[in-house]
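Visitor: Could you take me on a close look at the sheet and what packs around it?

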Amino acid sequence: MQYKEYHFSKNTPSELPADIYLPLLSNALAELGFDSFVEQEDGSLTAYLSECYFNQIEEKGTYRLLFPEMLFNYNSSLCAEENWNKRWEEESFTPIEIENKLLIRSPRHSFFAHTVEQEVLIEPSCAFGTGSHSTTRLMLRLLLEENLQEKKVLDVGCGTGVLGITALLRGAKQAIFIDIDSLATDNTAHNLALNNIAPERDCKVYTGILDNFDFPLHSVDILCANIHRNAIIGDAPKYYSLLDHPGLLFISGFLRDDEELMEKHLTSLGFSLRHSLVEEEWCAMCFRIAQN
């Protein structure tokens, strides 16, 4: 899958500091399909857009942020195909530890002197899902709160497969991985092997969108979706139909400003909010199918 890199720089004076307006700009751009953001020290923003959403914005121009009212000049370029393993090594990736329970590391780290309950090996061929992004860490924290023994897990937008792999290593009976990007699903299969999860284990990897597949109703106990906010909203009725009762839904990929919107939408479909986690400007939420 191709990506474009966009660079946004303000062209109107503002008394607001960058740590205020840049998250608001990121939130607005997420509405168009942008899924990764890097805030620059000069107050500009680099954002990444997959080819699914190329038609949502011109290649260059001026973008108007409505609140606060600001104008940003922007331009874009196609991202070159990258060897993410090499880039990860060059950018000095360090192991990521979560709550003294989970360590995510590369196979290159042959020894790491931390005592944790579980290690997960990830060798990425795509950018997202190494544990370095706030939303991935939040989703992992939600998983770590649960007893996963004998659970059936569905990982939507699996990326590197880190969520489903963590669930399997912590006792889940089954994991199903779905991503629209074949690079991601190929990488998930690679990372399953890295973690010695045998092919005969009850795990499946699919390329496509959720609607492409006819999974049995009420067939999963936990559904994880760390994807774009609008995709979660659109797929939420499908999530409800796939979850057993009382199943758990873990969602992230959106900003904390969207928390109220997500709660309102999902409760209208029959979910009840258990709790939320926040890291920086990002949010993750845990829902349960409401009891009648």
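Guide: Some ground rules to start: strands (E, at least two residues) and helices (H or I, at least four residues) are DSSP runs, numbered from the N terminus, and two strands pair if DSSP finds at least two bridges between them. This is a predicted model, in which local features need pLDDT of at least 70, side-chain atom pairs count only at pLDDT 80 or more, and totals for chains, interfaces and linings use all residues. Residues are numbered from 1 along each chain as its sequence is written, and side-chain values use heavy atoms, leaving out hydrogens and water.

Now the sheet: it's open, has five strands in the order S2-S3-S1-S5-S4, and pairs antiparallel. Strand S2 (36–39) and strand S4 (61–65) are the edges, each pairing on one side only. From one strand to the next, the twist averages 30 degrees. Strand S1 (residues 3–10) and strand S5 (residues 70–78) run antiparallel to each other over seven bridges, and there phenylalanine 8 sits opposite tyrosine 74 of S5. Packed on the sheet is helix H1 (residues 18–30), touching S1, S2, strand S3 (45–50), S4 and S5 (contact means heavy atoms within 4.5 Å). The H1 direction makes about 105 degrees with that of S4; axes are lines fitted to C-alpha atoms, for helices over the stretch in contact, and angles run from 0 to 180 degrees between N-to-C directions.

Phe8 turns up again in the largest nonpolar core, which has 55 residues; Phe8, Leu25 and Tyr63 are among those with the most contacts inside it. Such a core joins buried Ala, Val, Leu, Ile, Met, Phe, Trp, Tyr and Cys residues through side-chain atoms within 4.5 Å, where buried means under 20% relative accessible area, exposed over 50% and partly exposed in between (1.4 Å probe, protein chains only).
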